[in-house]
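The following exercises concern a single protein chain.

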Amino acid sequence: MSREGAYRTSMIFSQGNRFEGNYETPYGALEMGVYPTHVKYNVDENDKGEVLLKYQLDIQGQFASMREMRIRFAPRRRA
């Protein structure tokens, strides 16, 4: 997953594998780590689906929090 703008970052969520990267801010970069404990995705025959992520977040090598993210998606309807 990538985030653009003033607060840029890139993360890879692979269950059981720790990812380390940087969180770019206007004030400098912070070291960031994510350790996914649960990665699940589902896509149906209509290309609608959902991604569920549960992960530990570390900032500057220190535990920050346990997080959960759910992303639902579907194809755009044609006008």
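M69 is buried, with a relative accessible area of 18%; here buried means under 20% relative accessible area, exposed over 50%, and partly exposed in between (1.4 Å probe, protein chains only). The model is a predicted one, in which local features need pLDDT of at least 70, side-chain atom pairs count only at pLDDT 80 or more, and totals for chains, interfaces and linings use all residues. Residues are numbered from 1 along each chain as its sequence is written, and side-chain values use heavy atoms, with hydrogens and water left out.

**Exercise 1. Surroundings of M69**

Task: Locate M69 in the fold and determine which residues it is in contact with, leaving aside its neighbours within four places in sequence.

Solution. 
Step 1. M69 belongs to strand β6. Strands (E, at least two residues) and helices (H or I, at least four) are DSSP runs, numbered from the N terminus.
Step 2. With contact defined as heavy atoms within 4.5 Å, the partners of M69 are M1, F13, V51, L52, L53 and Y55.

**Exercise 2. Aromatic pairs**

Solution. 
Step 1. Rings of Phe, Tyr and Trp (its six-membered ring) pair if their centres lie within 6.5 Å; planes under 30 degrees apart count as stacked, over 60 as edge-to-face and the rest as tilted.
Step 2. Y7 and Y23 are stacked, at 6.2 Å centre to centre and 25 degrees between the planes.
Step 3. This pair links distant parts of the chain, 16 residues apart: Y7 is in the loop between β1 and β2 (8–10), and Y23 is in strand β3 (residues 19–25). Y7 is partly exposed at 34% relative accessible area, and Y23 is likewise partly exposed at 21%.
Step 4. F13 and Y55 have ring centres 5.0 Å apart and planes at 65 degrees, so they form an edge-to-face pair. F13, in the loop between β2 and β3, is 42 residues from Y55, in strand β5 (residues 49–59).
Step 5. F13 counts as buried because its relative accessibility is 15%, and Y55 counts as buried at 8%. Both F13 and Y55 are also among the contacts of M69.

**Exercise 3. Salt bridges**

Task: Identify the residues that are linked in a network of salt bridges, and describe bridges within the structure.

Solution. 
Step 1. Side chains of opposite charge can pair when their charged atoms come close. The criterion for a salt bridge is a side-chain nitrogen of Lys or Arg within 4 Å of a carboxyl oxygen of Asp or Glu.
Step 2. The structure holds 5 salt bridges. In one of them, E50 and R70 have their closest N and O atoms 3.3 Å apart. This bridge joins strand β5, which contains E50, to strand β6, which contains R70, across 20 residues.
Step 3. R70 also forms a salt bridge with E68, at 3.9 Å between the closest N and O atoms. The network comprises E50, E68, R70 and R72.
Step 4. E50 is partly exposed at 24% relative accessibility, and R70 is partly exposed at 42%.
Step 5. Another bridge joins E20 and R18 at 2.9 Å, N to O. E20 counts as exposed at 58%, whereas R18 counts as partly exposed at 40%.

**Exercise 4. The nonpolar surface patch**

Task: Determine which residues make the nonpolar surface patch and where M1 is found.

Solution. 
Step 1. Patches are made of residues with over 30% relative accessible area and no salt bridge; like charges are joined within 9 Å, and nonpolar side chains (Val, Leu, Ile, Met, Phe, Trp, Tyr) within 5 Å.
Step 2. M1, Y41, V43, I71 and F73 make a patch of about 490 Å², with areas from the Shrake-Rupley method (1.4 Å probe; for residues, only the protein chains shown count as cover).
Step 3. Strands β4 (28–43) and β6 (62–73) each contribute at least two residues to the patch.
Step 4. M1 is located in the segment before β1 (2–3) and is partly exposed, at 43% relative accessible area.

**Exercise 5. The overall fold**

Task: Characterise the protein by its secondary structure and its C-alpha dimensions.

Solution. 
Step 1. The protein has 0 helices and 6 strands, in the order β-β-β-β-β-β along the sequence.
Step 2. The C-alpha trace spans about 45 × 30 × 15 Å along its principal axes.
Step 3. Of the 79 residues, 22% are buried.
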